[in-house]
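Good morning, colleagues. Please look at the model as I proceed.

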Amino acid sequence: MEISARTRLLAVLGDPVEHSLSPAMHNAALRSLGLDAVYVGLHCPAAALPALLSSLAAVGAAGNVTVPHKEAAERCLSRKTDLCARVGACNTFWSEGGALVGDNTDVHGVLASLRVLGVGAGARWLLLGTGGSARAVAVAAADAKCDLLVSSRDPGRARDFVDWAATRGATARVAPAGGAADADVAINATPLGLKDSDPLPLDPARGAKLGAALDMVYRPGETKWVRALRAAGVAAQDGREMLLQQGVAAFVRFFPDFPAPVEVMRAALNRALRP
């Protein structure tokens, strides 16, 4: 790939960002389509986010936002999709006439990943976490008309999140989770698992009734939580399918005239996640 003054810049912003496989996935897509663009990871402290997003919009750049900036990014937008406003978190941005525009493609990623796991309508979801990624899960649950139980290490944050989620749409019921995981599927929307030394988001012993689990975190060789759940007989997958599906939806935002090369992007992720 030859980079010139005409090359369009795409980036993922996060803190940390070194773990992100969005550059591998999107650069593979760009090469396969022969597009003059490059996708990079940019480490972005919280204080730098508004200025960096503004600068990227001014030069016609686009990209994604990862932990922990999704909620803050939504507040920086000049315009946003209805879904982005409903979620209150932005993971995909681009510019139109120099103005910063944002969307949330995580909702699509959550629903697509759960379909792969065989989770259908009417399932009972246990959500672990209350950050920007968790907001996308809550809206996905509302759209799927599924009960949502919310778990957080801070009970006050769980209650506040439940109050917020109850205003997002047609969720059958949303409530703080009790002591046991009385749910059909558990979804980890915390950063736990980025490091192998992290504690498990949920003890597999508490998830005896679970039929499936989705870890939004991904690592080479899968996360410790996914491995532990599978050993306990739970169908579990890490965040690679969600990363792929939200990335496909984001690519269409970046390049509306080109179909996303889904299998090229999937192959790039699988190569990068080999143990």
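Let me begin with a definition: an angle between axes counts as roughly parallel under 35 degrees, as roughly antiparallel over 145, as roughly perpendicular from 65 to 115, and as oblique otherwise. Please bear in mind that this is a predicted model.

Two packed helices are described by the angle between their axes and the distance between the axes. Here, the axes of helix 5 and helix 9, the latter spanning residues 240-254, cross at roughly 135 degrees and come within 8 Å. The two helices are therefore oblique to each other. Their crossing is right-handed.

As for the residues involved, helix 5 contributes Asp 106, His 108, Gly 109, Val 110, Ala 112, Ser 113 and Val 116, which meet Glu 241, Met 242, Gln 245, Gln 246 and Ala 249 of helix 9. By class, this contact comprises five nonpolar, five polar and two charged residues.

I turn now to the cores. The largest nonpolar core has 33 residues, and those touching the most other members are Val 110, Leu 114, Val 119, Trp 125, Leu 148, Phe 161 and Ile 187. Among the elements giving two or more residues to this core are helix 5 (106-116), helix 7 (155-165) and strand 10 (185-188). Helix 6 supplies the largest share, seven residues.

Which residues does Ile 187 contact, leaving aside neighbours within four places in sequence? They are Leu 114, Trp 125, Leu 126, Leu 127, Leu 128, Val 137, Leu 214 and Met 216.

Finally, there is a second, separate core of 25 residues, including Val 17, Leu 30, Leu 35 and Phe 254.

Note on methods: Residues numbered from 1 in each chain as written. Predicted model: local features only at pLDDT ≥ 70, side-chain atom pairs only at ≥ 80, totals over all residues. Heavy atoms only, no water. Core = buried A, V, L, I, M, F, W, Y, C linked by side-chain atoms within 4.5 Å. Buried < 20%, exposed > 50% of the residue type's maximum accessible area, 1.4 Å probe, protein only. Helix = DSSP H or I, 4+ residues; strand = E, 2+ residues; numbered from the N terminus. Contact = heavy atoms within 4.5 Å. Axes fitted to C-alpha atoms, helices over the stretch in contact; angles between N-to-C directions. Left-handed = near helix turned anticlockwise from the far one by under 90°. Nonpolar A, V, L, I, M, F, W, Y, C, P; charged D, E, K, R; others polar.
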